[in-house]
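This report walks through one protein chain, part by part. Please look at the sequence and the model first.

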Amino acid sequence: MANIKTIAIVGATGTMGSAIARALSKTPDYRLLLISTDEDKLVDLKLELAKSKVEAFAISCAREASWEADIIIVATPYEAEREVVEKIREVATGKIVISISNPLNEAYNDLVTSPDSSAAEELQKLLPYSKVVKTFNTTFAADFMTPVIDGKTADAFIAGNNSDAVEVVSGLVKVAGFNPVIVGDLTV
C-alpha cells in the first residue's frame, strides 16, 4: 500500500477548496482534513466525500489540522492568507504549503503585491521554514470537473524552490486530473 499523505485544505468549502477536495478524493492515497468556518458546508462536503475513496475529516481549527498534515493547501483568497499564516506558522515548519491564490485586489483589477513579487513569494516570506509551492492559481474550479478538453489533459503550472516538494505536488496535480508543468522557482 502507498504511503498515505495527510492533506489539510484551509478554505475547503470555498469554490476552489471544495473542487480540490473532490479531485483529491479519487484516490485512497490521501487523507483529507477539511477546514472551514462555514460549518454547514463543511459537514455537507465531508458527507459527500464519504462516498469516495478518501478518508475525510471536518475540522474547525486550521492550526490543529495543519499540525497533523503533511501538506497544507491554503485555498483562500490572497487577502486571507496572512490570517491563515498566523494560525499555522508554528506547525507548518518543514511542511509543504501550497499557494493557489493570485495577489489581486477585491475588484480583481489590480495586483496588491509589487510587480516583482508573487503571492507564493510573499507566502514563503511569511513561512520561511516551510516549502511553499504554487499551483492551481491559473485553474478555475470548473476545470476540476472536466480537466480533459478536446481529448487533451489541461495543464497545471507548478513553481517552487524545493525540488522534492515540487515533485510531491506534481503527483498531487496528476491525481487531481491535470498535467503538471514545472515552470521553475517561485520567482517566475
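## Aromatic pairs

In this predicted model, three aromatic pairs are present. Phe 136, Phe 144 and Phe 178 are linked into a cluster by ring pairs. A pair of this kind is described by how far apart the ring centres are and by the angle between the planes.

## Phe 136

Phe 136 sits in the loop that runs between strand S6 (131-135) and strand S7 (148-149). Phe 136 is buried, because its relative accessible area is 2%, under the 20% limit for that class. Although Phe 136 is not a glycine, its phi is positive, at about 65°.

Which residues touch Phe 136, leaving aside its neighbours within four places in sequence? The contacts are Met 16, Ile 20, Ile 100, Phe 144, Ala 156, Phe 157, Leu 172, Val 173, Ala 176 and Phe 178. Two of these residues, Phe 144 and Phe 178, are also its partners in the ring cluster.

## The nonpolar cores

The largest nonpolar core has 37 residues. Within this core, Ile 9, Leu 32, Leu 34, Ile 73 and Phe 136 touch the most other members. At least two core residues come from each of the following elements: strand S1 (5-10), helix H1 (15-24), strand S2 (30-35), helix H2 (39-49), strand S4 (71-74), strand S5 (96-99), strand S9 (155-160) and helix H6 (163-175). Helix H1 gives the most, with six residues.

Another core, of 23 residues, lies apart from the largest one. Its members include Ala 8, Ala 69, Val 97 and Leu 127.

## Helix H2

Leu 42, Leu 45 and Leu 49 are the buried residues of H2. These residues are on the same side of H2, because they cover an arc of only 65° around the axis. Their cover includes H1, S2 and strand S3 (55-59). On the face turned away from the buried side, H2 carries the exposed residues Asp 40, Asp 44 and Leu 47.

Val 43 also belongs to helix H2. With a relative accessible area of 44%, Val 43 is partly exposed. In sequence, Val 43 and Ala 21 are 22 residues apart. The distance between them in space is 13 Å, C-alpha to C-alpha.

## Helix H4

Helix H4 covers residues 78-88, and Tyr 78, Glu 81, Val 84, Val 85 and Ile 88 are buried in it. How are these buried residues placed when seen down the axis of H4? They fall within an arc of 105°, so they line one face of the helix.

The buried residues of H4 pack against S1, helix H3 (62-68), S4, S5 and helix H5 (119-126). Arg 82, Glu 83 and Glu 86, on the other side of H4, are exposed.

Neighbours within four places in sequence aside, Ser 25 is in contact with Leu 49, Ser 52, Lys 53 and Val 54. Of these, Leu 49 is one of the buried residues of H2.

Asp 150 is found in the loop between S7 and strand S8 (152-153). Asp 150 is exposed, because its relative accessible area is 77%, over the 50% limit for that class. Asp 150 has a positive phi of about 50°, although it is not a glycine.

## The chain as a whole

The chain contains six helices and 10 strands. Its radius of gyration is 15 Å, close to the 16 Å given by the globule rule for 188 residues, so the chain is as compact as a globular protein of that length. Along the principal axes, the C-alpha atoms fill a box of roughly 45 × 40 × 35 Å.

Of the 188 residues, 49% are buried. The accessible surface of the chain is about 9600 Å², and 52% of this surface belongs to carbon and sulfur atoms. Among contacts with a separation of 6 or more, 72% are between residues 24 or more positions apart.

Definitions and conventions
Residues are numbered from 1 along each chain as its sequence is written. This is a predicted model: local features need pLDDT of at least 70, side-chain atom pairs count only at pLDDT 80 or more; totals for chains, interfaces and linings use all residues. Side-chain values use heavy atoms; hydrogens and water are left out. A nonpolar core is a set of buried Ala, Val, Leu, Ile, Met, Phe, Trp, Tyr and Cys residues joined through side-chain atoms within 4.5 Å. Buried means under 20% relative accessible area, exposed over 50%, partly exposed in between (1.4 Å probe, protein chains only). Helices (H or I, at least four residues) and strands (E, at least two) are DSSP runs, numbered from the N terminus. Contact means heavy atoms within 4.5 Å. Rings of Phe, Tyr and Trp (its six-membered ring) pair if their centres lie within 6.5 Å; planes under 30 degrees apart count as stacked, over 60 as edge-to-face and the rest as tilted. The radius of gyration is taken over C-alpha atoms; the globule rule is 2.2 Å times the number of residues to the power 0.38. Accessible areas come from the Shrake-Rupley method with a 1.4 Å probe; for residues, only the protein chains shown count as cover. The arc is that of the directions from the helix axis to the C-beta atoms.
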